[in-house]
Amino acid sequence: MKINLKKLCAVVMCVALLAGIGAVNTTAGNTDSASAMNILYDIGDVAFKGLLKIITILFPPIGIPREFSEGNFLPGMTEFKELPADPSYTWKLGYAQADLLEGLDDAFIKTLAVSGILDILGKRTVSEVLDPPMARVTALSDGSGNGTVLFVSIDGFGISSVDVGRIRAAVKDFANENNIVSINVSALHQHSTVDTLGMNGNLLGAVFCNTLALATGWFRPFSGKNPDYMKHATDLVAEAIKKAVNGMEEGTLNYSKADASNYIRDKRTPEQFDPYLHRLRFVPANAASAETWLCNAGIHTTGMGVSGTVVSSDFPHFMGEAIKEQKGANFQFINGAELAIGMDNKVPMPEEATGYQRTEAYGNQLAQLMIDIPAGEEQQVPALLNVAHKEYVVPIDNPLHVLFYRLGVIEYNGRKTNWTATDLEVKTELGYMELGDRLAFAFIPGELEPMLAFGGSIPASESYTGEAYEFTPLKDMVGGRELMVFGLTNDQVGYMLLPNDIAHFVVFGNEEVNASSTQLAPKTLEAFKALTDGVN
């Protein structure tokens, strides 16, 4: 029988509830308005986290440093320009892509873990490849000489800052020689491709063997992330980066958007999300060259389910195929603020249609929405590019994430803040970019609640804690520009939830399980404001 993470949590929760009958409610912000059931949940949560901390202490924190690693952080541009720009500035763009399975034999591929819901016994390895995971790279500059920016998207569940640093290190000399000031690596968060984060490994193997592996180096720690695959992917991404930069050519950049709200749904209330497919369309001056379409939307890529063994890049694959076939254009997708935002697949299909066929129909529908954007709704973007990045520190207070990090299942740029290493901090980064005079982009290292970006709130009476949470959304920090979010970019530190609506993952499941810290949202808002204040 397959055992998954939620079943494990349910078992541990039962133990925790029995152990926590006498515990005091410490997490509900407003106990007068909290329901009796919430109080019971709070008691269970206190006991559950205490139990996990005790379990965690049993595993020595081997290899967890006292200080962060330097990594390969790129700060971006030192000075932001304003329009009107020099008339000699001209957009330059290059595109390249790589099949991440190219050069790997079938026997090795079938040993790789498939991303998605954790399989405790690590049995969810590749059974079939329907379409291969890809890396797509766009290199962009405004011709001013202030530097080139790279956008790398990989078909994967997530990517840690440690692996982003490895990609940057692989092209460090090339970046210096070509004035590359910003390298951004985004995961598309498919739940049906090769695990690039580590969450779908053999958890029992990790629990019983990883401490020995980390202490002796006799064998590899158990993790869903295969280091040979990651090294292979890094090499291919590095080559694609060089190809994209070397192939840059002049042209015009155009922006438009299509309303896709009928095909998107929010699984958490209230339902608030970015309803648009955003399109940046580069038209090269050389008519013989292909256009490049960069698409941004916040939608979970779960058309193929979350616990299968077949590899597919989900609906972005079919979007790219349709746009290539109909318009002959290169295509790159970057996911947005997609905390609990899912596919609402209303495309009519026969009842006997497979999941793959339904996912293809959904991807084709989104592609058609972009293809059908009227020419009159497209606006040319003036040649002006500004970009900056900021590092910031977040405490990890989810005990499951602490345990996974200590066991070497997942990687962070982390450090311990107490001698038992049950308290941890991670250093991550975010970014801010401006294109032309009206477009702004937030590069976010995780899965963002859309309200944090675009506004909205959960009133105290409807929140889990019984409190209100007042905040300034990202869109109000960008000087009136239209905001887009590039999510899961340059790190994957988990879900960023509104602090007044974080329930307990032992009861409520997916979002809380994957929120590594209850402070992710406030820390991210604070860091983004400091960054935008510093450049505006």
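Mentor: Start with burial. Buried means under 20% relative accessible area, exposed means over 50%, and partly exposed lies in between (1.4 Å probe, protein chains only). This is a predicted model: local features need pLDDT of at least 70, side-chain atom pairs count only at pLDDT 80 or more, and totals for chains, interfaces and linings use all residues. Residues are numbered from 1 along each chain as its sequence is written, and side-chain values use heavy atoms, with hydrogens and water left out.

Trainee: Why is asparagine 246 called exposed?

Mentor: Its relative accessible area is 58%. Exposed needs over 50%, so asparagine 246 is exposed. Asparagine 246 lies in helix H7. Helices (H or I, at least four residues) and strands (E, at least two) are DSSP runs, numbered from the N terminus.

Trainee: How far apart are asparagine 246 and isoleucine 183 in sequence and in space?

Mentor: They are 63 residues apart in sequence and 15 Å apart in space, C-alpha to C-alpha.

Trainee: What makes asparagine 179 partly exposed?

Mentor: Asparagine 179 has 36% relative accessibility. Asparagine 179 sits in the loop between helix H5 (172-177) and strand E5 (180-187). Its phi is positive, about 55°, although it is not a glycine.

Trainee: And asparagine 490: buried or exposed?

Mentor: Buried, because its relative accessibility is 2%. Asparagine 490 also has a positive phi, about 70°, without being a glycine. Its place is the loop between strand E19 (482-486) and strand E20 (495-496).

Trainee: Why does glutamate 511 count as buried?

Mentor: Glutamate 511 has 9% relative accessibility, so it counts as buried. It is found in helix H13 (residues 510-513). Glutamate 511 and isoleucine 410 are 101 residues apart in sequence and 18 Å apart in space, C-alpha to C-alpha.

Trainee: What makes helix H10 mostly covered?

Mentor: In H10 (residues 399-406), 8 of its 8 residues are buried. Among them are His401, Phe404 and Arg406.

Trainee: How do you know which residue caps the N-terminal end of H10?

Mentor: A side-chain oxygen of asparagine 398 lies 2.9 Å from the backbone nitrogen of leucine 400. A polar contact is a pair of N or O atoms within 3.5 Å; within protein, one must be able to donate a hydrogen and the other to accept it, and residues adjacent in sequence count only if both atoms are side-chain atoms. Asparagine 398 is therefore the cap. After H10 comes glycine 408, with a positive phi near 80°.

Trainee: Why is the pair of phenylalanine 80 and tyrosine 432 called stacked?

Mentor: The whole structure has 11 aromatic pairs. In this one the ring centres are 6.2 Å apart and the planes stand at 20°. Rings of Phe, Tyr and Trp (its six-membered ring) pair if their centres lie within 6.5 Å; planes under 30 degrees apart count as stacked, over 60 as edge-to-face and the rest as tilted. So the pair is stacked.

Trainee: What parts does that pair tie together?

Mentor: Phenylalanine 80 lies in the loop between helix H2 (36-57) and strand E1 (91-99), and tyrosine 432 in strand E16 (residues 424-435), so the pair ties together parts that are 352 residues apart in sequence. Phenylalanine 80 is buried at 14%, and tyrosine 432 is buried at 0%. Elsewhere, ring pairs link Phe151, Phe441, Phe443 and Phe486 into a cluster.

Trainee: How many disulfides are there?

Mentor: The count is 0. A disulfide here is a pair of cysteine sulfur atoms within 2.5 Å. Cysteine 209 is partly exposed at 26%, whereas cysteine 295 is buried at 0%.

Trainee: What makes a space a cavity, and how many are there?

Mentor: On a 1 Å grid over the protein atoms alone, a cavity is a set of points where a 1.4 Å probe fits but cannot get out. Lining residues have an atom within 4 Å of a point. Grid points are joined across faces, edges and corners, and a volume is the space filled by probe spheres set on the points. The count is 6 cavities of 30 Å³ or more.

Trainee: Which helix gives the most to the lining of the second largest cavity?

Mentor: H7 does, with 5 residues. That cavity has a volume of about 80 Å³.

Terms used
1 Å grid on protein atoms, 1.4 Å probe; cavity = no way out; pocket = protein on both sides within 12 Å on 5 of 7 lines; lining within 4 Å.
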